Amino acid sequence: MAKIAIVTGSGQGIGEGIARQLVNDGFTVAVADMNEENAKKVAEEIGNDSKGYYVDVSKKDSVFGLVDQVVADFGKLDVLVNNAGIAKIGTILDVEEKDFDQIMGVNIKGVLFGIQAAADQFKKQGTGGKIISASSIAGHQGFELLGPYSATKFAVRGLTQVAAQELAKDKITVNSYAPGIVLTKMWDQIDAEMAKIYDVPLGVTLQKNIDSIALGRGETPADVANLVSFLADPKSDYITGQTIIVDGGIQFV
């Protein structure tokens, strides 16, 4: 029987890349996204009995309901990837309360609820399991104009470390991945907003960041997915509480 993985925010971008890689690894994937149409489309494309689901990760009932539905459909859960995330661009002084609450809801609450729901299911199964969450290089060093986003990604590292310690006795590993400059719609958004703030043409900010990468190119969703593939595999069973950078050589820690 295939292993079952849930990947949140997998209707596009990095999450879609992760879902595709996990299917290549033999998983059946629950493709979960706020855009249910996209989720179902990706699930149909990647195959292996994968299925699309709606989820709003900022709502605890939605995340727990997702896990319950996936288990009802497939009988178990082996891996949960807390990938869903959003970015907000602007100075610290310009942060609006509603925007702050939204990014905290998706990027931090979403990870917390995912950890809780997956751990609850793994304990019921008595099988152990793997929880893998999205941090960022902005969770190792704060990025100018990405204050709240950076704060959420630092928080993911903290939740990962604490959950790893508390859940180790249940044979549950908890790790995170920290991508760099991934060429997705999110970075298109960041580039467009920074073009306005810095009064530079579109693409200038993105290229400046790409120029800082030792390996000389922007990151693809597949680059991130390869790391998640390892963290979802038994080969990583002795790794827990870690946030692993996958950025092509921007930060060296």
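These questions and answers concern salt bridges in a predicted model.

User: How many salt bridges does the model hold by the rule used here?

Analyst: Side chains of opposite charge can pair when their charged atoms come close. The rule asks for a side-chain nitrogen of Lys or Arg within 4 Å of a carboxyl oxygen of Asp or Glu. Counted by this rule, the salt bridges come to 14.

User: Is Arg20 buried or exposed, or does it fall in between?

Analyst: Buried means under 20% relative accessible area and exposed means over 50%, with partly exposed in between. Because the relative accessibility of Arg20 is 30%, this residue counts as partly exposed.

User: In which helix do Lys40 and Glu36 lie?

Analyst: The side chains of Lys40 and Glu36 meet in a salt bridge, at 3.4 Å from N to O. The two residues are four residues apart, about one turn of the helix, and the helix that holds both, residues 36-46, is H2.

User: What is the N to O distance in the salt bridge of Lys169 and Asp170?

Analyst: Lys169 counts as exposed, because its relative accessibility is 67%, whereas Asp170, at 25%, counts as partly exposed. Their side chains meet in a salt bridge with an N to O distance of 3.8 Å.

Technical notes
Residues numbered from 1 in each chain as written. Predicted model: local features only at pLDDT ≥ 70, side-chain atom pairs only at ≥ 80, totals over all residues. Heavy atoms only, no water. Buried < 20%, exposed > 50% of the residue type's maximum accessible area, 1.4 Å probe, protein only.
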